[in-house]
Amino acid sequence: MKKISLLALFLLGSMSYNTTFAQERVVTRGIEVAINGYMPEVGVMAPDFSATDKNMNEVNLSSFRGKSVVLNIFPSLDTPTCALSVRQFNAEAASLENTVVFCISKDLPFAQSRFCSVEGLEKVIPLSVFRSESFDNNYGLIITEGPLRGLSTRAVIVLDESGKIIYRQIIRNVSEEPDYRSAVEILK
């Protein structure tokens with residue numbers, strides 16, 4: 001009986017270890033790759049992070065408490081799907097009252113600013129996490145292998161006015177668009 005109990009404890013412990021530390025996976029360019037962890041769950045407070053704005057100033061997520069926040073996260077503005085998501089959120093979610101939309105990537109702030117200027121996108125705020133370890137470590141969305149290693153995967157996180165996560169979507173195939181409608185509807 002003791003052997004069975006010990007074996008059961010060992011197996012349960014092994015399952016828990018694998019579940020806790022296994023990396024989530026996404027598809028980039030047709031190849032399944034790992035990301036550096038797990039995106040925070042709905043119902044928890046969004047971890048604070050700092051990012052760099054177009055003027056090279058550090059911006060903290062926590063300074064936007066009191067507003068609803070959409071985090072539109074993607075690898076780079078230099079891809080068609082990423083550019084489309086910025087345009088789409090500029091048109092849809094940015095029209096909501098008391099809501100700010102951050103478009104987050106590892107692109108340099110100069111490139112983000114140039115893209116938004118050329119496209120006439122004034123309702124979203126581009127933020128670069130090119131030097132943000134707090135984002136990399138707390139959001140678990142950094143691709144860890146393959147040709148896009150080091151970039152963020154595509155995801156959308158929506159926060160209520162208190163900073164609690166009320167919607168999250170990780171897009172399994174990075175070349176696909178997020179579910180804009182669901183992200184915007186949760187804010188209405």
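**Close-up views of a predicted model**

**View 1. Glu185 is partly exposed, with a relative accessibility of 43%.** This legend, like the others here, describes a predicted model. Lys188 itself is exposed, at 65% relative accessibility. Side chains of opposite charge can pair when their charged atoms come close.

**View 2. A salt bridge joins Glu24 to Arg172.** Nitrogen and oxygen lie 2.8 Å apart in this pair. The partners come from distant parts of the chain, 148 residues apart: Glu24 sits in the loop between α1 (2-21) and β1 (25-28), while Arg172 belongs to the loop between β9 and α5 (180-185). Which of the terms buried, partly exposed or exposed applies to Glu24? Its relative accessible area is 11%, so Glu24 counts as buried. Arg172, at 43% relative accessibility, is partly exposed.

**View 3. Arg25, Glu32 and Glu145 form a network of salt bridges.** Within it, the side chains of Glu145 and Arg25 meet with an N to O distance of 3.1 Å. This pair also links distant parts of the chain, since Glu145 lies in the loop between α4 and β8 and Arg25 in strand β1, 120 residues apart. Glu145 is partly exposed at 30% relative accessibility, and Arg25 is partly exposed too, with a relative accessible area of 35%. The count of salt bridges for the model comes to eight.

**View 4. The largest nonpolar core holds 28 residues.** The members that touch the most others are Phe49, Leu61, Leu71, Ile104, Tyr139, Leu141 and Ile157. Two or more residues each come from β5 (68-73), β6 (99-105), α4 (133-139), β8 (155-159) and β9 (165-170). Nonpolar side chains in soluble globular proteins tend to be buried together. A second, separate core has 21 residues, among them Ala93, Leu96, Phe115 and Val184.

**View 5. Here is the surroundings of Leu71, one of the core members with the most partners.** What does Leu71 contact, leaving aside its neighbours within four places in sequence? The list is Phe49, Leu61, Phe102, Ile104, Tyr139, Ala155, Val156 and Ile157.

**View 6. Helix α3 (residues 109-119) has buried residues along one face.** They are Pro109, Gln112, Phe115 and Cys116. Viewed down the axis of α3, these buried residues fall within an arc of 130°, which is why they line one face of the helix. An α-helix has 3.6 residues a turn, so residues three or four places apart point the same way. On the other side of α3, Arg114, Ser117 and Val118 are exposed. Gly120 follows just after the helix and takes a positive phi of about 70°. Phe115, buried in α3, is also a member of the second core.

View 7. Along the sequence, the elements run α-β-β-β-β-β-α-β-α-β-α-β-β-α. Of the 188 residues, 45% are buried. The accessible surface of the chain is about 9,900 Å², and carbon and sulfur atoms account for 53% of it.

Definitions and conventions
Residues are numbered from 1 along each chain as its sequence is written. This is a predicted model: local features need pLDDT of at least 70, side-chain atom pairs count only at pLDDT 80 or more; totals for chains, interfaces and linings use all residues. Side-chain values use heavy atoms; hydrogens and water are left out. A nonpolar core is a set of buried Ala, Val, Leu, Ile, Met, Phe, Trp, Tyr and Cys residues joined through side-chain atoms within 4.5 Å. Buried means under 20% relative accessible area, exposed over 50%, partly exposed in between (1.4 Å probe, protein chains only). Helices (H or I, at least four residues) and strands (E, at least two) are DSSP runs, numbered from the N terminus. Contact means heavy atoms within 4.5 Å. Accessible areas come from the Shrake-Rupley method with a 1.4 Å probe; for residues, only the protein chains shown count as cover. The arc is that of the directions from the helix axis to the C-beta atoms. A salt bridge is a side-chain nitrogen of Lys or Arg within 4 Å of a carboxyl oxygen of Asp or Glu.
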